[in-house]
Amino acid sequence: MADESTRILVVDDEEIVRESLGGWLEKDGYHVEMAEDGPSALKRLQAARFAVLIVDLKMPGMDGLQVLEQAKKLNPDLAVVLMTAYATVDTAVSAMKMGAYDYLVKPFDPEEMSMLMQKIVSQQSLVRENAVLRQALKKEYRFRDLLSKSPAMQSVFELARTAARSNSTILVLGESGTGKEVLSRAIHVESPRHDQPFVAVSCAALTETLLESELFGHEKGSFTGAIARRKGKFEQAHGGTLFLDEVGDIGPKLQLDLLRVLEERKLQRVGGNEQIEVDVRIIAATNRDLRKAALEGKFREDLYYRLNVIPILIPPLRDRREDIPLLVENFLERLAAEMKKKIDGLSAEAMSAVLAHDWPGNVRELRNVLERGAVVTQGTTIQLPDLGLPARGEPHPPRPGTMASLEEVERRHVAAVLSHTGGNVSQSARILGIDRVTLYNKMKKWGLRRDGEDEPARDGESTARG
Amino acid sequence: MAGVFVWWIGEGQEDRPLMEHVRVELARAFAAPVYLWQSPERPRHAYDERRKQWHTTPILRWLGEAGPGTGKVLGITDRDLFIPILTYVFGEAQLGGTAAVLSLARLQDDVARRGRRLLEDRAAKEAVHEVGHAFGLLHCHVPGCVMTRSPAVREVDDKRPELCADCRAQIEATIQGAE
């Protein structure tokens, strides 16, 4: 009961009430401060952190409900108890709706007051304890920006931590959206190279010629448009880590070039003769079955073995559903902070749907769905319709009744497919029957992000999701 | 140290055996001289016509002014007491101050059946509790300590008329500091 860390602010325009209630609470060991009206109460709430606010409903100027509303904005965790001489159902209902902890009719029974204070204090200490435990759990379940309590992912973290200390090439395998780049960054940060650059390049986003120049750089005049000498990603990553995303998508010529660099630790810029030494730790990633591609002759077997020194397989989200509540909480906390919006969590119905969904786009899709929910929700709890998840077995039905140009229909369809695959460009390209470069060009033209949402510049226009 | 003065300020006949029992228990709890103080004055200005109860704040102020003028003073009354925010209080004290007041009105529950000794024990416990506040003690968590909060009679019955070791140490430190 007597908890010196519990600060209570008593607000009443009648001095005798302030003094008697304040004195009564002080004998329980609470730190009590008093204010005679709403504005001075709010000033005190801004200056110090209180656990409980006990405020009279009827005061001249700013009444108790107004103080409650403002106080909750300043400190949402504040337990606010309203006091009034007359109990009316309407005021009680308004007070509770506005987030009051309780409502007392003056004068109140000492037993009632005593129990109320004990309830508030024990609840607040539970909340604090809970927060500490959650922090501790998260620490245990965390590897840098990755969070998981599943045993499979814990082994991934363990392997990644060990691998980080070595200089060996790592091959991160996993479906799109499982966090291959996030894991690679985490490995870099944990490695002795952490104060050197981490350079990421997506091998699927560029044509073979462009990718070659992107990776190895070029000399001035080596091809049309090469107006100056340019260092490639390998050179930029010198001393650090080069992350080669979607490495399974590179063509045969580049596969050979890449193999040479990996073997010799030397490269030549496009159009150049000079051998440039590079000290780079390679982390490659792919969502393809590279072994199968190697067996089928679609990927150089020698390069496969060069890359596959330490393979790390990230399981898809549907195989570690136990992580979903933890990830939801973590993403919502981050989204709430980014958006400066109060978000308590998902409704029970929304959480059930999230747990049941198959997440073809994995953690990235989950984050996008939650971001959408956080943006569109009207309250502090995200409801199922806010998430825009497709009903089970109904993958994104077309919107009926809209007349649109062929290009608009195409744009919507591409966006829908991207959204469905959770931003997996290779998978989307396969579904659409076009190559990745064409898909990237279309995305660029229409300002579509990988998740199928519009780029911010095009906001105001509804997206093709669902 | 200056003593503690116990003063019957009730409207009915003074209960001498009860006052004596309170005196003995206070002396034991605080290891201090405790005296019974006699004066015909009563704090009638503290009576609230609307609530039909006596307001402790003016009583405490009056005890300080009309009392012996030294040490601590505990007024004991047979009238029901209140502070404006609560429906009733068993007693009230100035925290770390001079005066304390105690009412027997709500300690009577079941006394007719179980005997007047019950009332004397309850009065002694609440007297030690309120005088403890006047010595600067806050409510205590140690089960059985007289300084635990007792919003109802059953909590009064559950505790002993003694201070726990922590509260006693605090009182000793306060007294030594004052000397």
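Which strand of chain B is joined to strand β1 (residues 4-8) of chain B by five bridges, and do the two run parallel or antiparallel? The partner is strand β5 (residues 72-77) of chain B, and the two strands run parallel.

1. Basis of the model. This is a predicted model, in which local features need pLDDT of at least 70 and side-chain atom pairs count only at pLDDT 80 or more, while totals for chains, interfaces and linings use all residues. Residues are numbered from 1 along each chain as its sequence is written, and chains are lettered from A and ligands numbered from 1 in the order in which they are written.

2. Chain B as a whole. Chain B has six helices and eight strands, where helices (H or I, at least four residues) and strands (E, at least two) are DSSP runs numbered from the N terminus. Along the sequence these elements follow the pattern β-α-β-β-β-α-β-β-β-β-α-α-α-α. Of the 179 residues in chain B, 46% are buried; a residue is buried if 20 or more other C-beta atoms lie within 10 Å of its own, exposed if 12 or fewer, and partly exposed in between, with C-beta atoms placed from the backbone. Among contacts in chain B between residues at least 6 apart in sequence, 64% join residues at least 24 apart, a contact being a pair of residues whose C-beta atoms, placed from the backbone, lie within 7 Å.

3. The sheet of chain B. Five strands of chain B form an open sheet in the order β2-β1-β5-β8-β7, with mixed pairing; two strands pair if DSSP finds at least two bridges between them. At the edges stand β2 (34-37) and β7 (91-93) of chain B, each with a single partner strand, so one side of each is left without a neighbour in the sheet. Neighbouring strands of this sheet are turned by 20° against each other on average, direction ignored; axes are lines fitted to C-alpha atoms, for helices over the stretch in contact, and angles run from 0 to 180 degrees between N-to-C directions.

4. The contact between the chains. On the chain B side, 16 residues are in contact with 20 residues of chain A. The residues on the side of chain B that touches chain A divide into ten nonpolar, five polar and one charged, where Ala, Val, Leu, Ile, Met, Phe, Trp, Tyr, Cys and Pro count as nonpolar, Asp, Glu, Lys and Arg as charged, and the others, Gly among them, as polar.

5. A parallel sheet in chain A. Five strands of chain A form an open sheet in the order β9-β12-β15-β8-β16, and the pairing is parallel. Here β9 (198-202) and β16 of chain A are the edge strands, each with a single partner, so one side of each has no neighbour in the sheet. Five bridges join β9(A) to strand β12 (residues 241-245) of chain A, and Ser202(A) stands opposite Asp245(A) in β12(A).

6. Strand β3 of chain A. All five residues of strand β3 (residues 52-56) of chain A are buried, so the strand is largely enclosed by the rest of the structure. Val52(A), Ile54(A) and Asp56(A) lie on one side, with Leu53(A) and Val55(A) on the other. Four bridges join β3(A) to strand β1 (residues 7-11) of chain A, in parallel, and Leu9(A) stands opposite Leu53(A). Five bridges join β3(A) to strand β4 (residues 79-84) of chain A, also parallel, and in β4(A) the bridge partner of Asp56(A) is Met83(A).

7. Helix α6 of chain A. In α6(A), Met153(A), Val156(A), Ala160(A), Ala163(A) and Ala164(A) are buried. These residues cover an arc of only 100° around the axis, which puts them on the same side of α6(A); the arc is that of the directions from the helix axis to the C-beta atoms. The face turned away from the buried side carries the exposed residues Pro151(A), Glu158(A), Thr162(A) and Arg165(A). The buried residues of α6(A) pack against β6 (142-143), β8 (170-173), α7 (180-190) and β16 (310-313) of chain A.

Methods
Contact = placed C-beta atoms within 7 Å.
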